[in-house]
Amino acid sequence: MDKSKQKKFRKLIRSINFYPPYLFAGIKVVEFAPDFSRFRTRLKLTWYNRNLLGTAFGGSLYSMCDPFFMFILMIQLGDEYIVWDKYASIDFQKPGKGTVFAEFKLSPSEVEEVKKVVDEKGKYVFEFPCEVRDEAGLLIASLKKGVYVRRKDYRKS
């Protein structure tokens, strides 16, 4: 990836912390790999993201996981591919109390596998697992994110 693109993506990722839905939900990107293959997010429980039961809104727990597999693939695959979030499912294991974290990563071999499948089929929906954990490492929620990837030059026969 060239330096100008790297700078653009770094600015985009840093500015996401000021994106109003994330800012007001208490969500923050706290770490990301220099090559944008890994992200870590945090949700701090505050008065403005707490539900009537005193725990994190389920929507906030999902939001902290929403775009990151899509970001990784958009950045890693480059301009020859179209990448969209397609679906998600979330399974809440226990209430989100205090601060929780989620991590998203795809290895170079996983990205190459995505590329290989899409180059062969033209398009495909990939499913990636994700977990939200509290500071003690206890599982709060598990998610499955479906991400649609298509070659820009793909045409139906």
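**Exercise 1. Which residues does lysine 152 touch, not counting residues up to four places away in sequence?**

Solution. Start with the ground rules. This is a predicted model, where local features need pLDDT of at least 70 and side-chain atom pairs count only at pLDDT 80 or more, while totals for chains, interfaces and linings use all residues. Residues are numbered from 1 along each chain as its sequence is written, and side-chain values use heavy atoms, with hydrogens and water left out.

Step 1. Lysine 152 sits in the segment after strand E6 (139–151). Strands (E, at least two residues) and helices (H or I, at least four) are DSSP runs, numbered from the N terminus.

Step 2. List the contacts, meaning heavy atoms within 4.5 Å. Lysine 152 touches Asp79, Glu80, Tyr81 and Ile82.

Step 3. Look for a polar contact. The term means a pair of N or O atoms within 3.5 Å; within protein, one must be able to donate a hydrogen and the other to accept it, and residues adjacent in sequence count only if both atoms are side-chain atoms. The side chain of lysine 152 reaches the backbone oxygen of aspartate 79 at 3.1 Å.

**Exercise 2. Is lysine 152 buried, partly exposed or exposed?**

Solution. Apply the cut-offs: buried is under 20% relative accessible area, exposed is over 50%, and partly exposed is in between (1.4 Å probe, protein chains only). The value for lysine 152 is 45%, so lysine 152 is partly exposed.

**Exercise 3. Work out the order of the strands in the sheet.**

Solution. Step 1. Two strands pair if DSSP finds at least two bridges between them. Six strands form an open sheet, in the order E1-E2-E4-E5-E6-E3, with antiparallel pairing.

Step 1. Find the edges. Strand E1 (27–32) and strand E3 (81–92) each have a single partner strand, so one side of each lacks a neighbour in the sheet. From one strand to the next, the twist averages 25°.

Step 2. Check the pairs. E3 and E6 are joined by eleven bridges; aspartate 85 has valine 147 in E6 as its bridge partner. E5 and E6 also pair over eleven bridges, and phenylalanine 128 stands opposite lysine 145 in E6. Strand E4 (residues 99–105) and strand E5 (residues 123–134) pair over three bridges. There, valine 100 has aspartate 134 as its partner in E5.

Step 3. Inspect the turn. E5 and E6 form a hairpin with four residues between them, and glycine 137 in the turn has a positive phi of about 90°.

**Exercise 4. Why does threonine 41 count as buried?**

Solution. Threonine 41 belongs to strand E2. Its relative accessibility is 0%, so threonine 41 counts as buried. A polar atom of the threonine 41 side chain lies 3.1 Å from the backbone oxygen of methionine 64. Contacts of threonine 41 include Met64, Phe68 and Phe104.

**Exercise 5. Which residues touch the most other members of the largest nonpolar core?**

Solution. Step 1. Define the set: buried Ala, Val, Leu, Ile, Met, Phe, Trp, Tyr and Cys residues joined through side-chain atoms within 4.5 Å.

Step 1. Read off the residues. The core has 42 residues, and Phe39, Met64, Leu73, Phe104, Val132 and Val149 touch the most other members. The largest share, eight residues, comes from H4.

Step 2. Take one member. Contacts of valine 132 include Leu61, Met64, Val100 and Leu143.

Step 3. Check E6. Ten of its 13 residues are buried.

Conventions:
Axes are lines fitted to C-alpha atoms, for helices over the stretch in contact, and angles run from 0 to 180 degrees between N-to-C directions.
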